[in-house]
Amino acid sequence: MTTEIVAAPQRQRRPLILWAGLILVGLHVFAGLLSLVWLPYDPTAMAGGRLEGPSFLHWVGTDRLGRDLFTQMMIGSRIALTVGLGAVAIGAAIGVTLGILAAFATRWLDDALAATLDILIAFPTLLIAMLVVAASDTANLWSAIIALGIALSAIVARLTRILAKRVLVMDYITAARTSGSSWPKIVAIHILPNIWPTLAVNFALQFGLAVIAEASLSYLGLGAPPPNASWGRILQEAQGTVYTAPLGAIAPGIALVSLAIGVNLLADGLRDAIDPTRRSR
Amino acid sequence: MTSLLTLKNLSVSTGGKTLIHGLSFSLEKGERLGLIGESGSGKSLTALAATGLLPAGLRASGSAILAGTEVIGAPERQLNTLRGTAAAIVFQEPLTALDPLMRVGKQVAEPLARRAKRDGQPLHSEALDQAVLALLTEVALPDPPRIARAYPHELSGGQRQRIAIAMALACKPDLLIADEPTTALDVTTQAEILALIDRLVRERNMALLFISHDLPVVANTVSRVVVLRQGEAVEAGSVANVFGNPQHDYTKSLLAAARSFDRALEGTP
Amino acid sequence: MTLIQVQNVDFGYSANRQILSDINLDIAPGDTVGLVGESGSGKTTLLRLLLGLARPDRGSITFDGQTLDTGNRAFMRQFRRQAQIVFQDPYSSLDPRQTIFSIIAEPLRSLKIDGDHRQMVADALEAVGLDRDAATRYSHQFSGGQRQRIAIARAIVARPRFLLADEAVSALDLTTRTRIVDLLARLSAEMTLLFVSHDIGVVAALCRRIVIIEKGRIVEHGETAEILKNPQHPYTQRLLASVPRLTVNEISS
């Protein structure tokens, strides 16, 4: 009772979080979708002078080849969203399945799975991704996405396993069993809905991780090549001129951080909006 | 200032909600008072407010004077001294009240050493160990040397509650607050713990504030009761008066409920 | 005639941890039986065996003359429809993410019971003394006693013959407890009830027969009135002597 009451003042802040997240993510989604059908300039062509500062024609200036940076940023949004969604979808599909199986598994299998996951998690996500990308001979976007998805799945699996085990001991699971519900049905009706809020927040975190990891891969030259460059690639290209034209490095950095924060705020807000136990009476 | 604990118009609120409304009662030295109430009645909050242990977010107003010191608004350091010497609390769930990673002997030793230091006669290793064993013997634990080396999870629920009581006694309090001390226990264990509390309170001449929802337990443990309902005292008086001749409808309904099970046991439904 | 027959049942999670030893128990149709034991007595394990959630190591359990065989799907489906349970903790027994309707209708869906589920849920809610509007809400909007009524509604919605209650009133306030006991007493007129509890007072108020279990063994069983008046086993005597009573105090004061 006490905790519920103490938590009450936070409730009013929740819609604010949801809206902030919606706006931040919305801007990137809008930019990314728009980039499919319309771009201010041809991303491959010279659109102005080299290393121009921000102007009415070039909102964040141009790069060292005179290409419009804002155009590249829009494409970057699309790539970042693709990477984030793709990696999280792959990570979720593999991770949730494995996690649920582990939660139901008999003792030794569960232990073996848990140990494997712990070892996998001990490797940095980026390292695993680099290994996978390096193993595939062409550095393209999808090999990076798959690599990140696999790396993330270990974290998702471990979390899912713990959360599912916590739900499995609840009386309503036993009640469902004595009502004749099959295990798959119990997973679909009781377990997934009850672990989803925590998972969703975790997915958002991993979305941010994946976007940053991909930017790092690109920065290291393992990501998608231009003209479909990600923010990491833009950052790398701007590296040599960071003192003369700092905006080229600052802009992709801001984009990266704003998307990562936006997704986390959105997930936080959505979780509370969806959760019936957090809705006011 | 003869009363050990005096509540005057004590209220506890959070946000816009009042959880305890203007509660007043006093407890003399050596007296036994029962706080009766169901969940949400504010009975546990009353004990926390009286000892300055309210969780963050809850605000107390009015007055609660414990051993001559105003608790409401008192600085934390002053309250710490007060809690260690004037009053000690035994909680419902002994498992969460004990540190799972510390041998119980050490947990009992901690308040013992603190109290001894405060009294100006610090206890050291040998004497402290002896004092711990003496306390464990006093709460009737079998084989005190073995128990002292055990961890909480190695003990039964009843044994853990005895440890919690020993820790409370280590403070040598004038007031023992017992918050549903037997609710998590089996009936046969409950009877033992109640007998233990009864004996200790008598032997050490402590006052007892006994908080419970269980009317028969209260009736057999204290001499005076306050009946709480949704943060308000609806009735107060001696056990014989309140239980024998209840005035408030709520007290009557509680008694009727308790009697129905009593009668069932007598075989006269 | 018996509805449930337990014969020479042993159960243990490992060889050196015997939970139940040589349990024998007959429950007649329509009877109201209280299984009384304290923590660690094995009463909850026995309940799990009776529900077919675990198998005995030795001995047999029959329901309506048929062996309770967890591997026999056709039988288990029939059995699940006829045996339902109410748990102690009204907070963990209802899925917080489902509406009350989904919770109560779960047995109907899982057991593929035909009929108007909406009406059946409304009837069940009414039978436990709740408004039918409750169906659209979530469990956190209800008090402990109301939640327990919802759990009972779920247990009776498929009209089982056998209702098991595991400490079903122990977590409730005193006044709520008497109301839920009254409700169970009313329901027990229509079905066989096995009421498992550590509280012999509640059992005495509700059950016609009592079975006392201690450390995995049944130490005494018989008619409630007989056991209360004349307990034979020392453990039963100690149990009865331990129950605090109002009346004792009133007489003395």
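User: What is the area buried between chain C and chain B, and how much of it do carbon and sulfur atoms give?

Analyst: Happy to start there! This is a predicted model, and in it chain C and chain B bury about 2600 Å² between them, with carbon and sulfur atoms giving 60% of that area. The contact involves 27 residues of chain C and 29 residues of chain B.

User: Why is the meeting of C:Arg238 and B:Glu192 called a salt bridge?

Analyst: The side chains of C:Arg238 and B:Glu192 have an N to O distance of 3.8 Å. A salt bridge needs a side-chain nitrogen of Lys or Arg within 4 Å of a carboxyl oxygen of Asp or Glu, so this pair qualifies. The count between the two chains is 2 salt bridges.

User: Which helices of chain C each supply at least two residues of the side that touches chain B?

Analyst: They are helix H6 (174-187), helix H7 (200-206), helix H9 (234-242) and helix H10 (246-252). The residues on that side of chain C divide into 12 nonpolar, 9 polar and 6 charged.

User: What makes C:Gln84 buried or exposed?

Analyst: C:Gln84 has a relative accessible area of 2%. Buried means under 20%, so C:Gln84 is buried. This residue sits in strand S6 (residues 83-86) of chain C. Beyond its neighbours within four places in sequence, its contacts include A:Thr178, A:Ser179, C:Phe162 and C:Leu163.

User: How do you know that C:Gln84 and C:Arg80 are in polar contact?

Analyst: A polar atom of the C:Gln84 side chain lies 3.0 Å from the backbone oxygen of C:Arg80. The cut-off is 3.5 Å, so the pair falls within it.

Note on methods: Residues numbered from 1 in each chain as written. Chains lettered and ligands numbered in written order. Predicted model: local features only at pLDDT ≥ 70, side-chain atom pairs only at ≥ 80, totals over all residues. Heavy atoms only, no water. Contact = heavy atoms within 4.5 Å. Buried area = accessible area lost by both parts, 1.4 Å probe. Helix = DSSP H or I, 4+ residues; strand = E, 2+ residues; numbered from the N terminus. Nonpolar A, V, L, I, M, F, W, Y, C, P; charged D, E, K, R; others polar. Buried < 20%, exposed > 50% of the residue type's maximum accessible area, 1.4 Å probe, protein only. Polar contact = N/O pair within 3.5 Å; in protein donor to acceptor, adjacent residues only side chain to side chain.
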